[in-house]
Every structure is written in structure tokens, then in C-alpha cells.
Amino acid sequence: MSDRTLHGNDSKGISRRGFMAGTGSLLGAVALAGQNHPAHARDRAAAPAPAAGPIESGARVPALVIGTGYGGSVAALRLAEAGVDVHMVEMGMAWDTPGPDGKVFCNTTSPDYRAYWLRTRTKQPLSNFLGFPLDKDVPRYTGILDAEEMGGITVYQGRGVGGGSLVNGGMAVTPRRANFPAILPSVDPAEMYATYYPRANAGLGVGLVDPAWFDTVDCYRFARVGRKHAQRSGFPFLFVPDVYDWDYMKQEAAGSVPKSAVAGEILYGNNHGKKSLQQTYLARARATGRVTVSPLHKVTSVTPAPGGGYTVAIEQIDTTGTTTATKSVTADRVFFAAGSVGTSKLLVRLKATGALPGLNGEIGKGWGDNGNVMCGRANHLWDPTGKVQASIPCGGIDNWDAGGAFAEIAPLPTGIETYASFYLSITRNPHRAEFTYNAAAGRVELNWQTAWKQPSIDMARTIFDRINAREGTIYRSDLFGLNKVWGDHLTYHPLGGAVLDKATDNHGRLHGHPGLYVIDGALIPGNTSVNPFVTITALAERNIEKIIAADL
Ligand code: FAE
């Protein structure tokens, strides 16, 4: 069986030099954040230099975007290109300032204060190794990765300007077209595959590893072992596109530039090489001169304003998470882009407390974990996976049709030879949970059940039981606790909670409140059959185009 490329897309995105130039200016932009704009930016032919500082209480803005992840960044760029002034409110940090070690981000193997969102102890997805627990105490800080415990599941999310793009593996996968009707039943696949997926891939700067280089380089030995084992069991191996700069990685491997992926950086940020949203959509948004960002600002309420538009309540926080100011601003339009969990929690609370009474009964429903489940396999001594492993996955095993599982061959960048193969599977898990407001406790809860992961385990086993039988190998049972084979306690891919064509119309307009929109992963009902951010980006491109044409 020969190698195949999974839905590879030629990147027509901006060049690396463009990205890096953009980065510098974007990072400046975060601090610029001018406010007190006139309500209608269109009237300003040449935008004056915005005043320094984050959004001020009392400001009125034409468009306010809650969150700076994929959906929010697409909305900000396209609105700004259409002549609308946009203010983005982001609860996480700007991630533009080096720490005492001269680096913005800490390494995967040595998480420090920068690693976790307001925790005093790390919560590493792989909690153990060879029986030893890996977690350790860290100072409480507004770090980059949130391990949010939602009852039956730990939901990992990026926090900061760039959202999930700061922490994720950059795997940029367009679902197979045959799977699309199950992913977003109310969306026309023809327009997605002709227009919006290509636009998203170009905007994100998606590219593919050079297969000839892959075949020889030490840092992808782990993936070649994964490929060999998959193919010997009759499964197709597929190259998977990524937003990492593959030319940069070649130079890393050759030792000619500072290392990031090859040094194992992932999860807590990449100091080089990865084209996060800071280098792509957000850089372009900032270059319009119409987009400003307030980091360390958290939206707590949105409610109709007496004179039209919406009153948005915002808490400014410091790096310990303490509120230092409470602000109230007015926005003509508000885009919820706080991620599946963030948007769902806000909307469920606002509906239940009467702040947005017109929201319908679909709010909070249709949440899924994209069927995420992890596992490791113990290889024979003649199948080493390499001391040095690039942190960016580039290959997968597709058994979706026969077994309901798509597995990415993931690195285990520990710096030592582990003889382990490691996988994150995306499965066709049928369970969907609901967010509800617990008035007594004053918080939003999710009713996900731990037992609901069993179908995901069964589906992942359609791949790995067969590989183990063929190779004469066994599962690792030391990575997620003592004698625990399956990493079934978490998801990296929260989806749903404000589902398209249910909680909103077919383009993300919330029912009952004109001028309110959902434009992030909350729109997608729980599963994308592959890693989700290309679909989130493409759907945002589709919806914002319609909103700009029809509503503005
Ligand atoms: P998201 O990117 O989460 O952005 C939401 C933003 O809103 C965040 O910056 C929040 O801090 C902010 N926010 C939340 N609440 C508030 C509030 N009240 N006020 C102000 N700001 C707020 O949303 N996906 C892939 O396709 N490929 C991968 O390789 C991949 N790897 C992953 C690895 C990890 C470790 C993780 C955690 C995720 C990974 N994902 C991957 C998932 C992907 O990052 C995720 O689906 C998207 O980031 C979701 O995009 P959204 O725009 O929905």
C-alpha cells in the first residue's frame, strides 16, 4: 500500500517573511488597542493612529469579538476588510514578551509558570511515565494551556491572543467530502469544498511535509515506525498537512536555526516555526489598521443596551487572575468566538439569568468531544522510535469507514528512547452532552459521563488491537496512570453547544437577538471526523461572508 496525502492543499498563504513581519507588528498591536472609536468606522477615510492601551469603560464599538481563536480571527479580518472597526476581547495574555530565559514559551518537558491557566499544579495530558507521575507544582499564573475540568471530562484549550492555535499541533485537516454531510448537515458541501475550505487553508498557511525528507530524518523515525506498523496490518497511512513551516523544520533538523518542533516544543507554545493565528489571520487583521485587541480581558455579560446594540461587561484581570477593573462597553454587534466551551458557558448563563431572554432552547446542546481518545503501544527493542522526535505530527491512519476511527501518529518528545508508539484517535463517538446553569452554585455545568468514552475506545481498538496482534506487541499501561491503557479522560477538540441551524440560523445569527452571532467551534455539533480547526475556520469564512453581505 502506498503513502497517500490526506486532503493536502497547496498553501497560497502569505510567505514566512510576511508572517514574521506581521508577527512583530501584531504583537505591537496588542498593546496599541486604541479605543473610543466613532461608532461608524466606515466614515473615516484615513484611520488616525489609535491611542495606546486596552479598551476603556464607556467605549462604543461597531463590532466586538469575544475571543481571538480561529472563529474570532476570521471574523475580525473580514469585518475589518469590509471597513468595520473591530475590537477583540481576549481573556488570555498577549504572548509577546520573553520570560527570564529569553523565551516567550516554555518547553513541553519543563512546564513552568507559563504553562497552565490559573492552576497550582500541572495537569499534563500524559500524566505518568514508567509508573512515575509527571505533574508538579507551578505558580498560579494566566498560563497558555487551560485544563478545564468539566465534571466527566478535562477539556484542554488555548488561552491567549491566538486561542487554540498557540498550543495545538497545527494539524490542518480537511475532512473527506463523503463525511461532510454528517459533520454539518445544513451546509452545502459544494460551496465548502469549492470556496471556503481552500480559503481557510490558504489563510492558515497549510503545507505538507516533504515525503523524501520525512523518509530519512531522525526526528520522524517515530512516524515511520507508526507507518510501517499500520501498513503491515493493512491500514492506509496518510500524510497529514500542518501549519508548521516545513522549511524551517528542515533547518532545525540540520542545526542551522533555533529549534522548536525538533526540540519538542508543543502544548505550551512554539518559540519558532509554527504559524499560529498571530502570524496569519491576526497579523493580516492588524495590518488593516481597524482591529485592536485587549488581552487579559474577560467578557462576563452581554445584554441589550437601552439605546440599541449591546452592553458588554468585561473584567480586566492580572496575571494571578485577580480582577483589577470592571468595564462596560457598548457594541453594535457582538461575535461570540470564545471557543465551544467559552461561548456555550456565556450563552447558557445569559439565557438562564434573563440577560438574553430571546435565546432559544437549543442553547447549550449538542456538545461533543470529537471522539478523542489516546493510547500508546510498546514496541520491540528492534523498533526504536527515536530519542529526538519532532513535536508536530504529520501522519495518520484512516479507518473511519470500517471502524469509526482516524488516528494521528503522535510524538512522545521525552528526549529519551521510549520504544513507544503514541496515538491520538478521533472517533465517531455518538454521545452528546448539554451545558446547563446551576443557579445554586452560580455556574454552568456539562453533563458528560466518563462511561461515554467506551465507544471511542472500541473504535480505536479496531486499529490498535489488529496492529498489536500483527506485531506481537501490547498496549502501554503506564502513560495515563497505573495500569491504565486508555487516555479517555480528556479532549483537545471540544465542539458544539450553540449548534448551527439550531441555536442560530444557518449562518450563525443567534435567534431572538439581532446583531449577536456565534462564529467558533460551538457551531459544530460535536464531531468533524478529523482534527477540527480547518473546518472551524472554513465555516467562519462562509458565515462572515454572508453576514457582511446581508447584515452590514
Ligand atoms: P479557540 O481557539 O479555543 O479560541 C477561543 C478564545 O476565546 C481563547 O483564546 C479563549 O481564551 C478566549 N475566551 C474564552 N472565554 C472568553 C471570555 N469570556 N472572554 C474573553 N475571551 C475568552 O476557539 N485542532 C486541529 O485542527 N489540529 C490540531 O493539531 C489540534 N491540536 C490540538 C492540541 C491541543 C493541545 C489542543 C488544546 C487543541 C488542539 N486542536 C487541534 C483543537 C483546536 O485548537 C481547537 O479546535 C480550536 O482552537 C477551536 O477554535 P475556536 O475558534 O472555536
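**Aromatic rings and their partners**

The charged end of R227 sits over the ring of F237, 5.7 Å from its centre, where sitting over a ring requires NZ of Lys or CZ of Arg to be within 6 Å of the ring centre and within 35 degrees of the ring normal. This is a predicted model, in which local features need pLDDT of at least 70 and side-chain atom pairs count only at pLDDT 80 or more, while totals for chains, interfaces and linings use all residues. Residues are numbered from 1 along each chain as its sequence is written, and side-chain values use heavy atoms, with hydrogens and water left out.

F237 also belongs to one aromatic cluster, together with W213, F214, Y220, F222, F239 and W246. In the whole structure there are 22 aromatic pairs, a pair being rings of Phe, Tyr and Trp (its six-membered ring) with centres within 6.5 Å, called stacked if the planes are under 30 degrees apart, edge-to-face if over 60 and tilted for the rest.

For Y113 and Y141, the ring centres are 4.9 Å apart and the planes stand at 85°, so this pair is edge-to-face. Y141 is buried, with a relative accessible area of 19%, whereas Y113 is partly exposed, at 22%; buried means under 20% relative accessible area, exposed over 50% and partly exposed in between (1.4 Å probe, protein chains only).

The rings of Y423 and F464 have centres 4.2 Å apart and planes at 40°, so this second example is tilted. Both Y423 and F464 are buried.
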